[in-house]
Each structure stands twice: as structure tokens, then as C-alpha cells.
Amino acid sequence: MIAPGPWISPSRTDAARFLAQATFGASDADIAHLQRVGYLGWINEQAAAAVSLEKPYLDWDSPTGDNNNQNPRREIWTINALGSPDPSRAGYPGNAHVDQLRQRMAFALSELFVVSDQNSGLSYQQWALGSYYDVLAKDAFANYRTLLEDVTKHPAMGNYLSMIQNRKADASLNIHPDENYAREVLQLFSIGLTQLNADGTRQLDANGQPVPTYGQTTVRGFAAVFTGWNYTNVGCGPSTYNCCDADHYFDWGCAAIDYNSPRWQLPMQPIEAWHDSTSDKQLLNYPGVALANGVLVHGGDAQAEMTAALDNIFNHPNVGPFVGRQLIQRLVTSNPSPAYVARVAAVFNNNGSGVRGDLLAVLKAILLDAEARSIPPGAADSYGKLREPIIKFTHLWRAMAARSSSGRIDNFNTYPALQEWIGQAPLASGSVFNFFSPFFVQPGEPAQRGLKAPEFQILTDMYALNTPDRLYHEIFCNYSGSGDCWASDDPGTIQNNIQRDAALAMSNPGQLLDQYNLLFMSGQMSGYMRGVILDRINKITSGNRGASAGMFRVQHALYLILNSPEYSIQK
């Protein structure tokens, strides 16, 4: 069920609420533009916008010496997420990135198809991870099947889940194919552990128990499929021999040694001598499966067998509700109704033109659904989601037109790094299970009511204190003309335009709160909360703060809003 009139101009509060779901934070200009073009018009504009990528920035930034860490990659991620001018592109500073929806979708996909620079061999491989994130951005509006193959073949994923240089079984040496990627592509990236109904609810057997989607035999079958893949031959080894051939499959010279090697950035290539082409492989078996009983008969080369295996996954009936539900959770609400999930899954299965897996159509279905555009009756106390820490910061920066004097952005990288304060950075989760599980249940009332609360898993005692502390630094130190806090005068520190609203804060503080209610809370601030903040900022006067009173009022309003329970839950 799509909300009525997706092409009709929304109200200012409705526009702000939509942008909170579809972008990294609303601004006045964003809200006004969405009102002019309507929901569907805005989505279509976003789909047509040029893709903001990370790799061109990394190539441009390489002379700085930051070649062996993640700082430049996090910097360009922030530039892309904020839509701020990019000093690496022609036309700076009038060249801001505008593909907000694509970037927001890429971030959501990065929390589904997880690769991380933490606790892995990718800690110093910014080109590999930048290239991987570019795949997510390019495929954000493409087909899920395309995305699945691009992710599977990327050397960052190959390294992270140990599929690269996976070799066929050899009983004489007690060697078996690595099962890591085979497990995670099924459990986390596509179908999950149990059979689902079309609405995302679990199927139960005659004893009321969940029905598994696969077993160990299937894992072994996929592991055998994913053998024989190695770094691309492009730029591979000395010119005197091809180190990516069968004889040099495991040679150190065939690894992607250089940080910016094409082998870190281009799809893996098959080396047939190490691929298992002689055994039949049990894959997924489900009603309507193309392979008889889900068995892939031996004889195919590495690419042919990968194609058949990924098709086997792609066409499983679980994919639509499994992927659709998680995308709803990342963008709209942690506990979508089964009917909402079913509507999105139906679009995944068929975009209206007979195409399965159309991610742009799925995204439209998620954002334009009636359950996304208004809170369902009776669900006010269970609807919405905890805002991720990183989204709080991007929301602040976008709403307050944050810019640095140099165009560079060091806020993620200035010691101690932002990630250490909030527990989040792009492609930096602690494991393949993301920063939080889509099935996490917060103890207490949420658990008693059977409600999922994914983002609460990252709200540990430490981060519950650290995040407000870092927000304090961003609001009270990093503002235009500050210079009174450590690192705030760094030309690479983006600074909030606090001065912009200082005069309004003095002349009409109620109007200031109404404006922030729109920008940050989509008009949902309670009268009680408004009264508390208004009382607080009215106590800040020229008499006790002098000429800085207006800015101080703005800062207090921002700090209290961004740390409030009402703002923290996106509804």
C-alpha cells in the first residue's frame, strides 16, 4: 500500500520526516525543494544524480602520506554523506555532492553486506575498502543479483571472509574448502537461518519449531563452489611470469601488496586449476528451484558455477522479506508490520514489470509506503528506530551548514577519533554481524513486548556517555570563528554555522525552537520538551553572556535536542 499522492507536495513537517529517513539529515533548502517536486519527483531526481565515489578522492589524496590508514576514506565518506563541496573535484567549492538517497542506501547496504577495517587484514587497505564502498554506491539502485555478484567477487570481501585463494578439497593433504563466505552469504546477506513467510514471519513445522533454510551439506556445497578465485591478474607480479596462474596461486608476489594496487580494487578472477569442477554440490532446495533438488551437477568452470550458485540464492523466496525487512529497519522503523514487509517483498519479487530484485523499486516501496509516511494508528509507542550515533552527527552537520575553511574534513580523524567516542564509522564494525543485529532485543519492556531494537545493541554504558560528550565538543567547540577549543581552529575541522541563528535566538527564541523542531524532529517535539528548552535558553541573556548570548542559546538548544530521548528515537 503506497501512501496516497506520492507526487503531491508534502507539508514542511512531512518533508522533513521523509528526509530524515532518506538522507543523512534535512536542511531548510532540502525541505523546500522536496515540497516543490514531491516525494516521487525527488526520488527520481536522486536516481538520476551522478554517483559520488570514494576512489577518485583516494587517488587525489595519495600524496599526503595517509596511504596506509583509513583517514582519507573516512574523510571522503563524510564529504559524500554531507553533500559538501569536494576539494578533489573540478569546480570546487561549487561542486557539492547531491546524491543523498544513494549515499544513504549505500550506508544501509554496508550494514548488511558487511566488510570492516577492524580485526581484519584490511586495517590499512583504504583503497580496497573505498573501492568496496563504491560498489555499494554504484549498485544501490541496481539489481540485488548484480550487487550479490559484485560483493562476492570483490577482493575486500574475499579477504574479509577468507574466500580469496580458497582451494578445492585434497584428501591426501586433509584440505577442505573454506566455509566462511559460504555461511555468511546465506545467513547474513540473503536468506537467513529459517524459512520465512512472504511477510517476514517465520514458518513453523508441525511441532511449532522454525524450519531451517539450510544445513551443513549445503554450506559445504557452496564452499566448494567458491573455490579457485584469486586477485585479478591486472598489475599482478613481475613481467617475467604471471603470478596469478595456477603455479603461483599462493605466492606472496600474487598478493595485493601495494596499498593502491588494482588487485585491491578490481573483481577477483578464477584460476580453474584450484576450482572444484569434479564434485556435485548440494545448494539450496526450495519450491520452484531451477536446479533439480538444488543440486549443482559437476563439470562447470568457476564462473559458471558461481553464476548458478548466486542464481540459486537470488531466487530463494526468503530473499525479498529478509532483505526488505532489514532495509526498512535501517531507514524507517525497527518493527515494521508483517503487512509492510509483505508489500516490500512483493516489489522485490516483481517490480511491476516482471523484474525481480530491483533495488530502486524496493527503495521506493519502502519510503512511499503508507506505514513509512505516517505512524500507523495505535503504534505510536512501538514505531520508529533509535538513531544511529553516526546519523546524529551527519544530521547536525547538514542542518547547521557545517563547513571547514580548507574543504577538508578531519572530524572523523582528529585524535581521539570520532569512532572511539561513538563506536561507529563507515565499514568499521567489530565483526561481520555489523554494529548491531537486526534481531537484537533490548531487555526490559521491549523484550517483554517482543520488540526488536537493533541500534540499542551499540548503546552501551560507555557510548551512552561518550556520544553526548562528543556532541558537546562538536556544538560548543567546532563552530565558525571558535578557536577556543583544542583542534577547533584546524582548517580541516568542519564547523557548525552557529552564528547563522544567533540573532533569531535573541529576538524570538520560540521561533528558533520551532525551526529546530522542524529540522531535527520533523515537528514532533512535545510541548513539554519545548517548554523545558525554552525556559533554559531564556535564562541566557546579554547580562550574563554578553555579545555571545545568542550563540550560546543556539548551542544549548542544539545540545539539549540532540541528546533528548524524543530526538533519539526517529519516528
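Helix α5 (residues 100-110) packs against helix α6 (residues 126-138) at an angle of about 120 degrees, with 8 Å between the axes. Both belong to a predicted model, where local features need pLDDT of at least 70, side-chain atom pairs count only at pLDDT 80 or more, and totals for chains, interfaces and linings use all residues. Residues are numbered from 1 along each chain as its sequence is written, and side-chain values use heavy atoms, without hydrogens or water.

**Helix pairs**

Helices here are DSSP runs (H or I, at least four residues), numbered from the N terminus. Axes are lines fitted to C-alpha atoms over the stretch in contact, and angles run from 0 to 180 degrees between N-to-C directions.

At their angle, α5 and α6 are therefore oblique to each other. The classes are set by cut-offs: under 35 degrees is roughly parallel, over 145 roughly antiparallel, 65 to 115 roughly perpendicular, and the rest oblique. The crossing of α5 and α6 is right-handed; that is, the near helix is turned clockwise from the far one by less than a right angle. On the α5 side, the contact is made by Arg102, Gln103, Ala106, Phe107, Leu109 and Ser110. On the α6 side, Tyr133, Leu136, Ala137 and Lys138 take part. Contact means heavy atoms within 4.5 Å. By class, this contact has 6 nonpolar, 2 polar and 2 charged residues. Nonpolar covers Ala, Val, Leu, Ile, Met, Phe, Trp, Tyr, Cys and Pro; charged covers Asp, Glu, Lys and Arg; the others, Gly among them, are polar.

Helix α22 (residues 527-538) meets helix α24 (residues 549-562) at about 150 degrees, their axes 9 Å apart. The pair is therefore roughly antiparallel. α22 and α24 cross in a right-handed sense. Met529, Ile533, Arg536, Ile537 and Asn538 of α22 touch Arg553, His556, Ala557, Leu560 and Ile561 of α24. The contact of α22 with α24 holds 6 nonpolar, 2 polar and 2 charged residues.

Helix α2 (residues 28-48) and helix α14 (residues 359-368) have axes that come within 11 Å and cross at roughly 150 degrees. That makes α2 roughly antiparallel to α14. Their crossing, too, is right-handed. From α2, the contact takes Tyr39, Leu40, Ile43, Asn44 and Ala47; from α14, Leu360, Lys364 and Leu368. These residues divide into 6 nonpolar, 1 polar and 1 charged.

Spaces are found on a 1 Å grid over the protein atoms alone. A cavity is a set of points where a 1.4 Å probe fits but cannot get out; a pocket is an open set with protein on both sides within 12 Å along at least five of seven lines. Lining residues have an atom within 4 Å of a point. Grid points are joined across faces, edges and corners, and a volume is the space filled by probe spheres set on the points.

| Space | Volume |
|---|---|
| Largest pocket | about 720 Å³ |
| Largest cavity | about 50 Å³ |
| Second largest cavity | about 30 Å³ |

The largest pocket is lined by 34 residues. Phe322, Arg325, Pro438, Phe439 and Lys452 lie nearest its centre. α12 (319-331) and α13 (338-349) each supply at least two lining residues. The largest share, 6 residues, comes from α12. By class, the pocket lining has 16 nonpolar, 12 polar and 6 charged residues.

The structure also holds 2 cavities of 30 Å³ or more. Residues lining the largest cavity include Phe107, Ser110, Glu111, Val114 and Val115, along with Pro426, Leu427, Ala428, Ser429, Asn434 and Phe435. Phe107 and Ser110 are also among the α5 residues in contact with α6. The lining of the largest cavity has 7 nonpolar, 3 polar and 1 charged residues.

Around the second largest cavity stand Arg17, Ala20, Gln21, Arg387, Met521, Ser522, Gln524, Gln570 and Lys571. Helix α1 (residues 12-22) gives the most to this lining, with 3 residues. Its classes are 2 nonpolar, 4 polar and 3 charged.

**Backbone details**

Two loops carry backbone features. The peptide bond from Tyr92 to Pro93 is cis, with omega near 10 degrees. Pro93 sits in the loop between α4 (71-82) and α5. Gln165 is not a glycine, yet has a positive phi of about 65 degrees. Gln165 belongs to the loop between α8 (155-160) and α9 (180-187).
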